Amino acid sequence: MGKVYDLAEVSKHNNVKDCWLIISGKVYDVTKFLDDHPGGDDVLLSATGKDATDDFEDVGHSSSARAMLDEYYVGDIDSSTIPTKVKYSPPNQPHYNQDKTTEFIIKILQFLVPLIILGVAVGVRFYTNKSA
């Protein structure tokens with residue numbers, strides 16, 4: 001078991017000349033691997049200063065990539081210094097009536113539109129019967 005680091009200490013190592021990652025509770029100095037990483041150094045640098053376990057697992061690294069981690073291991077992370085994930089809850093907002101049409105107008109239209117269609121149909125029928 002290596003030295004135990006806290007998140008603040010690991011977060012200081014966040015550049016091309018000094019890059020540390022936290023993966024599965026362990027700290028890795030991947031500075032020498034930045035140039036060789038298939039995804040480029042930006043991928044590794046964007047994962048600094050946080051728990052990069054999800055980033056690492058989501059990519060689906062091979063078993064040889066996982067074995068390579070051992071040579072970059074420098075210690076363990078004090079898990080109490082990593083903030084817990086907060087579940088997103090949207091803010092409470094009043095109901096928004098998107099169409100801004102009152103229910104009263106909708107009810108009137110539901111009554112009038114069929115009457116207008118019926119009136120037009122009767123008018124057309126009446127007019128075509130007179131002409132013939």
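Helices (H or I, at least four residues) and strands (E, at least two residues) are DSSP runs, numbered from the N terminus. The model described here is predicted, so local features need pLDDT of at least 70 and side-chain atom pairs count only at pLDDT 80 or more, while totals for chains, interfaces and linings use all residues. Residues are numbered from 1 along each chain as its sequence is written, and side-chain values use heavy atoms, with hydrogens and water left out.

**The sheet**

Strands are said to pair if DSSP finds at least two bridges between them. Five strands form an open sheet in the order β1-β5-β4-β3-β2, and the pairing is mixed. At the edges stand β1 (3-5) and β2 (14-15), each of which pairs on one side only.

| Strand pair | Sense | Bridges |
|---|---|---|
| β1 and β5 (residues 73-77) | parallel | 3 bridges |
| β3 and β4 | antiparallel | 4 bridges |
| β4 and β5 | antiparallel | 3 bridges |

Y5 has I77 of β5 as its bridge partner. W20 stands opposite D29 in β4, and V27 stands opposite G75 in β5. The hairpin of β3 and β4 has 2 residues between the strands, and S24 there takes a positive phi near 55°.

**Cores**

A nonpolar core is a set of buried Ala, Val, Leu, Ile, Met, Phe, Trp, Tyr and Cys residues joined through side-chain atoms within 4.5 Å. Buried means under 20% relative accessible area, exposed means over 50%, and partly exposed lies in between (1.4 Å probe, protein chains only). The largest nonpolar core has 14 residues, of which L21, I23, Y28, V30 and L44 touch the most other members. β3, α2 and α4 are the elements that give two or more residues to this core. The most comes from β3, with 3 residues. Another core, of 8 residues, lies apart from it and includes Y5, L7, V27 and I82.

Contact means heavy atoms within 4.5 Å. Leaving aside neighbours within four places in sequence, V30 is in contact with C19, L21, L44 and Y72.

**Aromatic pairs**

Rings of Phe, Tyr and Trp (its six-membered ring) pair if their centres lie within 6.5 Å; planes under 30 degrees apart count as stacked, over 60 as edge-to-face and the rest as tilted. A search of the whole structure finds 3 aromatic pairs. In one of them, the rings of Y5 and W20 have centres 5.0 Å apart and planes at 75°, so the pair is edge-to-face. This pair links distant parts of the chain, with Y5 in strand β1 and W20 in strand β3, 15 residues apart. Both Y5 and W20 are buried.

The rings of Y28 and Y73 also make an edge-to-face pair, because their centres are 6.1 Å apart and their planes stand at 65°. Here Y28 lies in strand β4 and Y73 in strand β5, 45 residues apart. Y28 is buried, with a relative accessible area of 6%, whereas Y73 is partly exposed at 29%.

**T48**

T48 is found in the loop between α2 (41-45) and α3 (53-59). Is T48 buried or exposed? T48 is buried, with a relative accessible area of 14%. The side chain of T48 reaches the backbone oxygen of L45 at 2.8 Å; a polar contact is a pair of N or O atoms within 3.5 Å, where within protein one must be able to donate a hydrogen and the other to accept it, and residues adjacent in sequence count only if both atoms are side-chain atoms. Apart from neighbours within four places in sequence, T48 is in contact with H13, N14, C19, W20 and L21.
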